[in-house]
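I opened my notebook today to look up how charged side chains pair with each other.

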Amino acid sequence: MASATPPPGTSDIFPAESWRWRRLERTAAEIFGRYGYGELRTPIFEYTEVFQRGLGGETEVVQKEMYTFEDRGGRSLTLRPEGTAGVMRALLNTDVLNGVEQRVFYYGPMFRGERPAAGRKRQFHQVGVENVGRVAPELDAECIAMLMHFLEALGITGAELRINSRGVMADRGPAGELLRGYFRQHLDAMCPDCRVRFEHNLWRILDCKQPGCRAIVAGAPDYFHAYSAESQRYFEQVLRALDALGVPYRVDRELVRGLDYYVHTVFEIVHTAGLGAQNAIAGGGRYELLLPEQSRPVQGVGFAAGIERLLLTQDALGAAGEPEKGKLVFLASLGEAARMENLKLAADLRRAGFTVALEVEDKSMKAQLRTANRLGAAVVLIRGDQEIASGVAAVKPMDGGEQREIALADVKDFLSQTLA
Ligand code: HAM
């Protein structure tokens, strides 16, 4: 359907906003660069299998939210719903399988067929990082501390870090049985979704938002102590490293996260300012992914933050900042010959680094000055036949200063001085 409105859950980002995106991306590259991360750009679509295998067939994202299509060659492809699986696929082409650590960051659009709401879109954007190939609690803590550093650089204060451990796959059996035994006694009082989860996705009951289920979850047994001693130690070491780094956190045993690939550490950053129900601005953890045709899984740790949600939080905190504006020079022309000369002068000044606007139609001086004013010009240069003939320009500072004449040859020096 041809319409001026983009499809539901998508947005146009106009220049009045896009400068904020660029600044945020620059801040990310700058901060993550200090920790040794380089940018990786992967395709926006991948073979569907990459996500099915990578994220887990039982996850809501894979079952209900993926934009999957067949291309002309009969391949099943999917618009990426998240970044980790594609990054992992790409890194298999490096020596990560030989235990050589890779540190990459990325930003760009992700696609999930969710019900659009404030802060929840179908095409949304993430900035994320992955540290792949090595396993150490200190790496998990450093990754979290880097996320907090990034938020601080964006002026986002007051965010809460929630953290938990998913243990390793072998811990899920004993810990899961403990939970299953408890939830079985309360099945009748649970919401219909949780009754399905009980069969297929037991752990997700822990983060159900229904008040009835939340009350049941509040009484659930402490499954963390059913993990192996090694998994418990790993998590405690992460917390110790966070303490050493001065990063505050809240251990939250109800935090399981929606993707199946997590092991050990999982975390989420929530912020109550400006976001309503969609209050997770970032999430991540340690994960283990097995992609098609790969013989053994590889571990990494990383996170992704929703760019739209970061911007909304900045708005609510009054931390949006101001765009950097080049000071504008406006060229006003009297007559056709002057217009042509000003077209050339504009090109010359722009090459020399100035920001220039000019009127290209035959307009009165009053109309041209009105335009200069509307565009916020700092200086107007006025030329007509007379100024062209004598090689000068009339200079009108827009701050109310006196109009005067300067030689064309001196214009660049003059502008450099007055606009500095
Ligand atoms: P995720 O929690 O699914 O994790 O998404 C990360 C962030 O993306 C969320 O905290 C939220 O800010 C944003 N987000 C997710 N869905 C939407 C949506 N529909 N609209 C707007 N924003 C959204 C991941 O994607 C993992 N790949 C993170 C990760 C990286 N784990 C390890 N490495």
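Here are my entries on the salt bridges.

**Entry one.** I noted at the start that this is a predicted model. How many salt bridges does the structure hold? I found 22 of them.

**Entry two.** I looked at Glu-17 and Arg-20, whose side chains meet in a salt bridge at 3.8 Å, N to O. Both residues sit in helix H1, which covers residues 15-34. They are three residues apart there, so about one helical turn separates them. Is Arg-20 buried or exposed? I have Arg-20 down as buried, with a relative accessible area of 6%. Glu-17 is partly exposed, with a relative accessible area of 36%.

Next I turned to Arg-41 and Glu-39, where the salt bridge spans 2.8 Å from N to O. Arg-41 is exposed, and I wrote down a relative accessible area of 68%. Its partner Glu-39 is partly exposed, with a relative accessible area of 35%.

I then checked Asp-207 and Arg-204, which form a salt bridge through their side chains at 3.2 Å, N to O. Asp-207 has 18% relative accessibility and therefore counts as buried, since buried means under 20%. Arg-204 has 21% relative accessibility, so I list Arg-204 as partly exposed.

Which residues are linked in a network of salt bridges? I wrote down Glu-101, Arg-103, Arg-134 and Glu-142 as linked in this way.

Definitions and conventions: Residues are numbered from 1 along each chain as its sequence is written. This is a predicted model: local features need pLDDT of at least 70, side-chain atom pairs count only at pLDDT 80 or more; totals for chains, interfaces and linings use all residues. Side-chain values use heavy atoms; hydrogens and water are left out. A salt bridge is a side-chain nitrogen of Lys or Arg within 4 Å of a carboxyl oxygen of Asp or Glu. Helices (H or I, at least four residues) and strands (E, at least two) are DSSP runs, numbered from the N terminus. Buried means under 20% relative accessible area, exposed over 50%, partly exposed in between (1.4 Å probe, protein chains only).
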